[in-house]
Amino acid sequence: MSAPLRIAVIGAGPAGIYAADILKRSAAEQGRDVFIDLFEHLPAPYGLVRYGVAPDHPRIKGIIAALREVLQAGVVRLFGNVRFGEDITLDDLERHYHGVIFATGATRDAPLEIPGIELHGSYGAADFVSWYDGHPDVPREWPLEAKEIAVIGNGNVALDVARMLVKHPEDLLPTEVPPNVVDGLEASPVTDVHVFGRRGPLNVKFTPLELRELGELRDVDMILHDDDFGVDPDEESLKQNKQILVISRVLEQWRQRETGTASRRLHLHFWSRPDAVLGEDGVEALRIERTRPTEQGLEGTGEFREIPVQAVYRAVGYFSSPLQDVPFDERRGVIPNIAGRVHDGSRPLPGMYATGWIKRGPVGLIGHTKSDAKETVEQLLGDEHSWWTPEAYDEQAVPQLLAERGVAWTDIAGWIRLDEHEIGLGEPHGRARVKVVPRDEMIAVSRDER
């Protein structure tokens, strides 16, 4: 059998965990042992599954069960609360491993370059999602002061944000929503949330499941506008797609509903391209331009409308962050790569690989993440000639390095301890869990230092 392969994975979300699992299995098929260390800047694993999925989506969070199996199967060592570029560097990795897979995902909001987007009361959806999901590195309070709110985007994140803004907070209590989030939402004066999409109702990016959940909200009227329908000449061909057909039927049912009795309203606007956020000291309105379909795609009609709102949330996509000493494409928001091999523009860089959203951009679901990881792992295992040449193996070398630097890292046993602690906090209240939010408290529970 060949000498053991030692690989570092940066990022403990689905992309990183699946890459570790596929690498372990693929190496075994080649008769090779592989030791994998998973580094995560948060004290807990699972990335956007823990911190990017709305708390009232327990079915989606079921993905965690599959990820937990990988962590608890002895496939990897986990080093949580370790920041790449600060607590451990690329030079450190090159001394201790044959290679590294970057799987850091995309957690920032993509920019929306329209006038007024910087006004007070204009927010990125990713920041709001991090707040309501109890991310330890965002403020515990969120300014929920607006009665009328605009959400820009027609994907699942836009619908999550709209639903969380308009949903009555007591209906979130059975979930893992943190207590400070419930308190914030209870103080919100919101009456109307407007969701805007550039394209028509049959060109949306959200799924039927997400859409149906909106219609199930208690004491919320769904408001649609007749001039948004019957515009697309390709309507019948679009409905050949079963998913689009379901979405069309749901929207048509809502158009027939009686409205006017609920205390809150959720408005869906289509054929509406954001043109400017209006206001002086803060957001006062969103100006949109009506659009229409063309053979080339989409064009503005020259008709503008102003919708009074006091807050704007842009949910137009996620964007990755650069990593220290690693090439980064600022325009696309990815690590430049060819089939997962990190590239500096002129050649592949030895020992460096990427997978997930940092590799291909923030598109695709879990199935794409697995196929991504498989492609990257195939490249890595075929590159033995260009792997790094690490120092002699010592399984305590990395823990000793982190200890010398004063890093309070968390491991798999610590995550299990934190997981059980959060579930225990929720049990007396009939809740799935109560998520621990402060980073220092997460670390103390994980390391059993309370």
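Colleague: Which residues are linked with Arg-50 in a network of salt bridges?

Modeller: This is a predicted model, and in it Arg-50 belongs to a network of salt bridges together with Arg-68, Glu-176, Asp-419, Glu-422, Arg-433 and Lys-435.

Colleague: And how many salt bridges are there in the whole structure?

Modeller: A search of the whole structure gives 36 salt bridges.

Colleague: Take Arg-163 and Glu-213, then: are they buried or exposed?

Modeller: Both Arg-163 and Glu-213 are buried, and their side chains meet in a salt bridge with N to O at 3.9 Å. The pair links distant parts of the chain, since Arg-163 sits in helix α6 (residues 156-166) while Glu-213 sits in helix α8 (residues 208-215), 50 residues apart.

Colleague: What about Lys-374, which residue does it form a salt bridge with?

Modeller: Lys-374 pairs with Glu-378, and their closest N and O atoms are 2.7 Å apart. Both residues belong to helix α12 (residues 366-381), where they are 4 residues apart, or about one turn of the helix. In general, an α-helix has 3.6 residues a turn, so residues three or four places apart point the same way.

Colleague: Why does Lys-374 count as partly exposed?

Modeller: Lys-374 counts as partly exposed because its relative accessibility is 47%, which lies between the 20% and 50% cut-offs. Glu-378 is partly exposed too, with a relative accessible area of 45%.

Colleague: Back to α6 for a moment, how many of its residues are buried?

Modeller: In α6, 9 of the 11 residues are buried, so the helix is largely enclosed by the rest of the structure. Among the buried ones are Leu-159, Asp-160, Val-161, Met-164 and Leu-165.

Colleague: Which residues touch the most other members of the largest nonpolar core?

Modeller: That core has 52 residues, and those touching the most other members are Phe-128, Leu-211, Leu-266 and Tyr-313. Helix α6 gives this core its largest share, 7 residues. There is also a second, separate core of 41 residues, which includes Val-9, Ala-15, Ile-22 and Met-442.

Colleague: What does Leu-211 touch?

Modeller: Not counting residues up to four places away in sequence, Leu-211 touches Leu-159, Phe-206, Ile-247, Val-250, Leu-251, Trp-254 and Leu-268.

Colleague: Changing topic, in what order do the strands of the 7-stranded open sheet run?

Modeller: The order is β3-β2-β1-β4-β18-β17-β16, with mixed pairing. The strands at the edges are β3 (77-80) and β16 (337-338), and each has a single partner strand, so one side of each is left without a neighbour in the sheet.

Colleague: How many bridges join β4 to β18?

Modeller: Strand β4 (residues 99-102) is joined to strand β18 (residues 348-354) by 3 bridges, and the two run parallel. Phe-102 stands opposite Ala-354 of β18.

Colleague: And where does helix α1 lie?

Modeller: Helix α1 (residues 14-29) lies across β1 (5-10), β2 (34-40) and β4, and it runs at about 175° to β2.

Definitions and conventions
Residues numbered from 1 in each chain as written. Predicted model: local features only at pLDDT ≥ 70, side-chain atom pairs only at ≥ 80, totals over all residues. Heavy atoms only, no water. Pairing = 2+ DSSP bridges. Contact = heavy atoms within 4.5 Å. Axes fitted to C-alpha atoms, helices over the stretch in contact; angles between N-to-C directions. Salt bridge = Lys/Arg side-chain N within 4 Å of Asp/Glu carboxyl O. Buried < 20%, exposed > 50% of the residue type's maximum accessible area, 1.4 Å probe, protein only. Core = buried A, V, L, I, M, F, W, Y, C linked by side-chain atoms within 4.5 Å.
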